[in-house]
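Before the dialogue begins, please take a moment to look over the sequence and the model.

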Amino acid sequence: MRKFVNLFINLSKIEALYIYGGLSILYLILVFVLPVNQDTLQTYNLSSTAYHVILFAAAIPTLIIWLTAFYAATELGRYAKLVKTSKEGRYYIRIAQGIGILAWSLPIVAIISLVLSSIANANSDLDKFSIVTTNYIYVFFPLFAFSILNNGSHGLLKQVKIFDNSFVSRLFALTFIIISATYCLLVFRQVQLDETRIANPPYYLPAWVLLFTLTIPMIYSWFVGALSAYEIAIYSYKVKGVFYKKALLFIALGIFAVVFSLIAQQYITSIQPRVGHLVVNYALIVNIVFRLIGAIGFIMLAYGATKLRRLEEL
């Protein structure tokens, strides 16, 4: 596990590019060879070839996001490795580890989800297993990544004297209360108290299990991720040097954009729960748009990390 967590800190750009290329090729191969969903073919009057072409088109933005995430993780890793002996070094290591895990999670989750969906397409008895497993892995990886990331951002913040801005803190808390309450409302409008008693439940879980094992951990991961960005933003105002401030602010804004992207995607899922196969409607397009916002966030992260590294090398 330690080697996995530290992977992006030790990878060169070329090694990261090879890994990205391998995972991308694997994903595209799976897009074209795995079984199609017959209900989708009938619903949209598609041929098997057209189905795979649409999946391929939807995969292009996904691969772009993976590339930006790998780039951001590699750049953060290079900077963290450069300053690892400083008093803040271990905290930058944790930040790099968190972003690295998040970057790795994108292809891992996508490939697992695609395989499980295709297995369920071939055997409808496995629909429940596919959807439940996919929902849980979409929760686990961001939670794991942001928890490690927050460990680093909180450590950085403890290195400086912070100001107590009660207005900003309250606004941050209020925003998350509104986001959390709205998300819960959208999710539980889709479910009954006991989903095991209805024919086609969207989550295949009783409401109380859904609340405590999916909804709350998901909201907590958002909070920890946004809090990490907030702490880095505060830290950026307290460090010396205009260029350091700007570079750190880019990292904070990049994390905010990534968290916003994840929240927006889950909001779409709460309105239209995962069904385990391709659905061609507005949600697909909107989801791609929000994913690209996440890609912009990773680019900002990479830019900030590159600036920090160049400042350190001067």
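## Reading a helical model

Helix 5 and helix 6 run roughly antiparallel to each other, because an angle over 145 degrees counts as such, and their axes cross at roughly 160 degrees.

Q: How many helices and how many strands does the protein have, and in what order do the elements run?
A: This is a predicted model, and in it the protein has 11 helices and 0 strands, so that by definition the elements, read from the N terminus on, run α-α-α-α-α-α-α-α-α-α-α.

Q: What do burial and contacts say about the chain as a whole?
A: Of the 314 residues in the protein, 52% are buried. Among the contacts between residues at least 6 apart in sequence, 79% join residues at least 24 apart.

Q: Which residues of helix 5 and helix 6 meet, and what is the handedness of the crossing?
A: The axes of helix 5 and helix 6 (residues 89–122) come within 7 Å, and helix 5 passes helix 6 in a left-handed crossing. On the side of helix 5 the residues that meet helix 6 include Tyr51, Ile65, Trp66, Ala69 and Phe70, while those of helix 6 include Tyr92, Ile93, Ala96, Ile99 and Gly100. By class, this contact has 17 nonpolar, 3 polar and 1 charged residues.

Q: How do helix 3 and helix 5 cross?
A: Here the axes of helix 3 (residues 13–33) and helix 5 (residues 48–82) come within 10 Å and cross at roughly 165 degrees; helix 3 and helix 5 are therefore roughly antiparallel to each other. The crossing in which helix 3 passes helix 5 is right-handed, and the residues of this contact divide into 18 nonpolar, 3 polar and 3 charged.

Q: Is the packing of helix 7 and helix 9 roughly parallel or roughly antiparallel?
A: Helix 7 (residues 127–157) and helix 9 pack at an angle of about 30 degrees, with their axes 8 Å apart. Because angles under 35 degrees count as roughly parallel, helix 7 is roughly parallel to helix 9. Helix 7 passes helix 9 in a left-handed crossing, and the contact between these two helices consists of 19 nonpolar, 9 polar and 1 charged residues.

Q: Is Ser221 buried or exposed, and which residues does Ser221 touch?
A: Ser221 lies in helix 9 (residues 207–238), and Ser221 counts as buried because its relative accessible area is 1%, where the cut-off is under 20%. Not counting residues up to four places away in sequence, Ser221 touches Pro142, Leu143 and Phe146.

Q: Why is Arg78 classed as partly exposed, and what is Arg78 in contact with?
A: Arg78 has its place in helix 5, and Arg78 is classed as partly exposed because its relative accessible area is 32%, which falls between the cut-offs of 20% and 50%. Leaving aside neighbours within four places in sequence, Arg78 is in contact with Lys13 and Arg309. Arg78 and Ser12 are 66 residues apart in sequence, and their C-alpha to C-alpha separation in space is 8.2 Å.

Notes. Residues numbered from 1 in each chain as written. Predicted model: local features only at pLDDT ≥ 70, side-chain atom pairs only at ≥ 80, totals over all residues. Heavy atoms only, no water. Helix = DSSP H or I, 4+ residues; strand = E, 2+ residues; numbered from the N terminus. Buried < 20%, exposed > 50% of the residue type's maximum accessible area, 1.4 Å probe, protein only. Contact = heavy atoms within 4.5 Å. Axes fitted to C-alpha atoms, helices over the stretch in contact; angles between N-to-C directions. Parallel < 35°, antiparallel > 145°, perpendicular 65-115°, else oblique. Left-handed = near helix turned anticlockwise from the far one by under 90°. Nonpolar A, V, L, I, M, F, W, Y, C, P; charged D, E, K, R; others polar.
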